[in-house]
Amino acid sequence: MKKILLWVGTGLLAAACCRTEPVPGRWKNEAPGVWTTVVGRPEGYDLLSSTDTKPRREALNGKSAQDFPLDMSRIEMAVRDGKTFLTFPLTPDEQIYGLGLQFKSVGRRGQIMRLHMDHYGSQDNGRTHALVPFFVSSEGYGVLINSARYVDLWVGTGVRTDSPNPPVAQDRNTDPAWNPQPYSDNLEVLVPAEGVELVLFSGEDMLDVVSRFNLWCGGGFIPPKWGLGFWQRTPTRYTDSMVRAEVEAFVENGFPLDVVGLEPGWHSAAYPCTFEWDSTRFPDPAGFADEMQRRGVKLNLWCNPYIAPRAKLYDSLAPYAGTHTVWCGIVPDYTLREPREVFKRHIDREQLALGVGGYKVDEVDGFDCWLWPDVAEFPSGVTGEQMRSTYGNLVMAAVDEAYRARNLRTYGLVRAANAGAVRYPYVIYSDNYSHREFVTGVVNSGFNGVLWTPEVRASGSGEEWVRRMQTTCFSPLAQLNAWADGTKPWSFPEVYEACREVALLRMQFLPYLYSTFAQYYREGVPPFRAMNLVAGFDGRVKREKGTLDGTENPYEMATIREITDQYMMGNDLLVAPLFAGETERKVVFPQGDWYDFYTGERVGNGNEVVVRGTLGRIPLFVRDGAVIPMIPAVRTTAEWVAGQPLELRVYGKAAGSFDLYDDDGTTYDFEQGKYTIRRFTASPEGRYSVEELASGGGWSYGPEQWRKMGE
Ligand code: GAL
């Protein structure tokens, strides 16, 4: 007899022969457009509870009311064999996005994935730096499977015998239209646990669905202003005087610099780490950090969180460590309060008190051979697999708590995050180094409640160097990571001016960028996002019949075409990076008029346009009616202070406005209403007006000047 416990809609169909768990199957409306349900007996430890994530209910309450977006009777949930099985219906044209940070493709329909925290391994198969079991559908809904296990998903691949809309079998012998992947009308999920919590989101459109997901997961956040300037990571084993010389070289070259990242070498031991300054390279850490502060430079410290036997922290953390080590360093169980407090007290005393701006939390993703195996045990009872899924979050949480206790914002880097990390001010990076994949990473980050930096490291040519530099300057964290190569922005002198120009252009965009992050925090809207999240954009995956090749394509799999190389920064700016070897590229515009950022000329409307580029400029486009606030090209954010002249660039013919946000730039006082928002509106007739929407304090701008572009 088959073991079956099947929950169909509100009815329970059960044939008992195995341990079954009742499934309530009732969706509880938690907030506008948000429902939760529980299947079976969920585990006590999941992505959201691991770091005590609380939904941003006040922000969610500002969203529109929504009806339950799906036919409940077509969602199936069952617990069998100690595992949870879920089925969601798919309509023929439905597109699915999200499911972790992937780097090659955007649409997920037709893919099979096992979400597993790991270093990306060049395949979109679920091994990911961002384990986010959340998908958003073009039908206007999304689902979070709140499990810290390795979740399997078949996204429109399984064909069920009970399908109301089954495909018809075709004969490969005779039918030239034979399809190797028959139509599937469902998305199926297997959670290797006896139950799970599901959160379902509905919204006005996909962007609104993603925004509600972000708010439910406690995000977004506003980084400190300095975090949006330029970051340079120095080579491993650099000393204080080498860093000093590096900072001086940036001044001499007139290149923006806000953050210096120290790589392995600042700890007295690395791999595993001590979280103590190395006294030979940094004999006077306080004096050094103070000097950097005075020069307007924040420090970001690389670490992996595995504690070296020789560390002062070791003895107090050892009783709380897991059964396995990483590079012979212990892995503290930070789900427990005591070790978390010990760690927080230590970093607060040794680094935060000196004015350090944050950390780069390395090696929390994998690769498999570095991290503990899944058989590892931890004192709290959290399993090796669950700990792997959440360790990055646990470290971010501890660091975040330490900064919050000082009422200071941090901005850092991490190599592993998940749905519980939306609120943490971190950006994901990786050792991967494909420029195209880096851009697709930016595209996909916005579906997943995470941010991604396409950092620059090395380059085969000046042309590639400047193209990479342009992309990183239009990303959440503009960084040159010279840890291995010792590269500088001027490493390719033939393109230095172009590099400097784009870095300074980023600085001019600071008001726009900061307000875009404020929108992330206030409304959950992802600051960097796929074109698919823009109304009027045709992002459907196009499949062309595959060609038979006995070696490369024995099943005649379809060729997939989709837009993976352009994205939005905020509401109004379309970024279409050029890659080495290209002098022109195709840009696909959403409906509505779009304008060239630099000239204000109309370029496209709901169509594909081949745009020509120059070496010195990244192609940027602006939507009709956009008002883009800009400041003069400052070299550091320390110059972005009261009285800054403000230019408002106006594009196109439609009416439009921009809500310019400002606050003190470093503390959490904005959570208590200490911020200012002014709405700058341009009418089609060329009338300009300003309205104060919030006046809690903090305003860096002087008198504004309007500039109609294209005239
Ligand atoms: C890698 C990391 C690099 C660099 C290096 C230092 O794991 O991805 O960015 O920090 O460690 O050893």
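**Pockets, ligand and backbone**

Q: What is the volume of the second largest pocket?
A: The second largest pocket has a volume of about 530 Å³. A pocket is an open set of 1 Å grid points over the protein atoms alone where a 1.4 Å probe fits, with protein on both sides within 12 Å along at least five of seven lines; lining residues have an atom within 4 Å of a point. The volume is the space filled by probe spheres set on the points, which are joined across faces, edges and corners.

Q: Before going on, what sort of model is this?
A: This is a predicted model, in which local features need pLDDT of at least 70, side-chain atom pairs count only at pLDDT 80 or more, and totals for chains, interfaces and linings use all residues. Residues are numbered from 1 along each chain as its sequence is written, and side-chain values use heavy atoms, leaving out hydrogens and water.

Q: Back to that pocket: which residues lie nearest its centre?
A: Thr-51, Asp-400, Arg-404, Arg-423 and Tyr-424 lie nearest the centre, out of 27 lining residues. The largest share of the lining, five residues, comes from α7. Helices such as this are DSSP runs of H or I with at least four residues, while strands are E runs of at least two, numbered from the N terminus.

Q: And what about the largest pocket?
A: The largest pocket has a volume of about 660 Å³. Its lining has 32 residues, and Arg-109, Asn-179, Gln-181, Tyr-183 and Arg-543 are the closest to its centre. Strand β28 (residues 542-544) supplies the largest share of that lining, three residues.

Q: How far are the acidic side chains of Asp-362, Glu-363 and Asp-431 from the ligand's oxygen atoms?
A: For Asp-431, a polar side-chain atom lies 2.5 Å from a ligand oxygen atom. A side-chain N or O atom of Asp-362 is 2.8 Å from a ligand oxygen, and for Glu-363 the distance is 3.0 Å.

Q: Where is the peptide bond cis at Tyr-271?
A: The cis bond runs from Tyr-271 to Pro-272, with omega near 5°. Pro-272 sits in the loop between β18 (259-262) and α4 (285-294). Another cis bond joins Gly-366 to Phe-367, with omega near -10°, and Phe-367 lies in the loop between β22 (358-361) and α7 (384-405).

Q: Why bring these up?
A: Most peptide bonds are trans.

Key. Polar contact = N/O pair within 3.5 Å; in protein donor to acceptor, adjacent residues only side chain to side chain.
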